[in-house]
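Dear colleague,

I am passing on to you the structure we discussed. Please find the sequence and the coordinates below, followed by my notes.

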Amino acid sequence: MRIGVLTGGGDCPGLNPAIRGIVFRAIDFNYEVVGIFEGWKGLIKNTSKTLTLEEVEEIISKGGTILGTSRTNPTKKEEDMQKVFENFKAMNLDALIAIGGEDTLGVANKLHQKGLPVVGVPKTMDNDLSCTDFTFGFDTSVTIAIDALERLRDTARSHRRVMVFEVMGRHAGWVALYTGIGGGADWILIPEKSVEVDKMCEHLKKAHARKKYAIVVVSEGVQLPSANAEKEELDAFGHMILKKRGIGEAIAEEIEKKTGIETRTAAIGHIQRGGSPTLFDRILGTRVGVKAVELIQEKNFGKMACLKGNEVIAAPLSEAVSTLKTVDESWVNFANKLIK
Ligand code: F6P
């Protein structure tokens, strides 16, 4: 039995522990693991190599993905879809593990519906995938963001400034929410909620009067009512490429104008996607990787290995990719209780 494994979409810490978990468990069943390079691109182009124990043994602490990744969407062109099926055969594969977020697993689901024996492993630093309580990558990226926030607090306090801290998170505000709560920010802006500029500025004035600085955490996916979204570029899956939006800068300008307090902004960007995975992400990555191989052994295809409570279970891929898990009202209410 030969299992193909690929990592697609944005990288995040925890991918290598997952790949390692797959290879380790495959050894128990005498399965050979073939690493496919750069996500779906590797299946279109037929680029891969066998992954041995020696190759993965020490990657548990490594950030990124040893396989490389891309945001290639094979479902956009019929000929690419054909190539995927052809190369699955050419690589002599019996099953495929796709490690990814909503886009990669959305493709995996379509391929499964077309008859390919596929199993999914969820990853995303955005933590916005349904059917799983957490995805690996989230814990590490928020831990990095909190460290950055604390550094920003020092300089904000010295200069008596408001500091706007922009973090990643495209459609869901989990990264901003956890960074803001965990780092003790004064205001948190997430894509799920419209920006109440006046209310925010009133609160920042109050916080600044008390402690001489204030911190705002904003998710990169937030939009000001005045913004022109139509101008923004889309990626292969139709998502906005947010690198040019500059919401942190725009929010900082509004705050300075309305409060008269000197305001600066910092965007963490891809820094929060790199580095060694935290313990949580190492354990979760390993657990879902191991489970994915067990699903293959059971011929339980079309499923995703995921965390529910403290159990790793199998959920249908179709359900996992049907809706995004965004921040709900109960979390918003909880965060509001901490605004003082
Ligand atoms: O989906 C994960 C994510 O990190 C988002 O938070 C962010 O908007 C996007 O990827 C950035 O993508 P790229 O690495 O392609 O610039």
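The notes that follow concern the ligand and the pockets.

Please bear in mind that this is a predicted model.

The ligand

In one, a ligand oxygen is 2.8 Å from an N or O atom in the side chain of arginine 273. In another, a ligand oxygen lies 3.0 Å from an N or O atom of the histidine 270 side chain. Glycine 169 contributes through its backbone, where a polar atom is 3.1 Å from an oxygen atom of the ligand. As for burial, the ligand taken alone exposes 400 Å², and the protein buries 78% of that area.

The largest pocket

Which pocket does the ligand take up? The space that the ligand takes is the largest pocket. The volume of the largest pocket is about 650 Å³, and its lining consists of 32 residues. Lying nearest the centre of this pocket are Arg71, Met168, Arg170, Glu220 and Arg273. Two elements, helix 5 (102-113) and strand 6 (162-167), each give two or more residues to the lining. Helix 5 provides the largest share, with three residues. In terms of residue class, the lining of the largest pocket comprises 14 charged, nine polar and nine nonpolar residues.

The second largest pocket

The second largest pocket holds about 340 Å³ of space. It is lined by 15 residues, and those nearest its centre are Trp187, Ile188, Glu196, Val332 and Asn336. Here the elements that supply two or more lining residues are strand 7 (187-189) and helix 12 (329-337). The lining of the second largest pocket divides into 10 nonpolar, three charged and two polar residues.

With kind regards

Note on methods. Residues are numbered from 1 along each chain as its sequence is written. This is a predicted model: local features need pLDDT of at least 70, side-chain atom pairs count only at pLDDT 80 or more; totals for chains, interfaces and linings use all residues. Side-chain values use heavy atoms; hydrogens and water are left out. A polar contact is a pair of N or O atoms within 3.5 Å; within protein, one must be able to donate a hydrogen and the other to accept it, and residues adjacent in sequence count only if both atoms are side-chain atoms. Accessible areas come from the Shrake-Rupley method with a 1.4 Å probe; for residues, only the protein chains shown count as cover. On a 1 Å grid over the protein atoms alone, a cavity is a set of points where a 1.4 Å probe fits but cannot get out, and a pocket is an open set with protein on both sides within 12 Å along at least five of seven lines; lining residues have an atom within 4 Å of a point. A molecule sits in a cavity or pocket if more than half of its atoms lie within 2 Å of its grid points. Grid points are joined across faces, edges and corners, and a volume is the space filled by probe spheres set on the points. Helices (H or I, at least four residues) and strands (E, at least two) are DSSP runs, numbered from the N terminus. Ala, Val, Leu, Ile, Met, Phe, Trp, Tyr, Cys and Pro count as nonpolar, Asp, Glu, Lys and Arg as charged, and the others, Gly among them, as polar.
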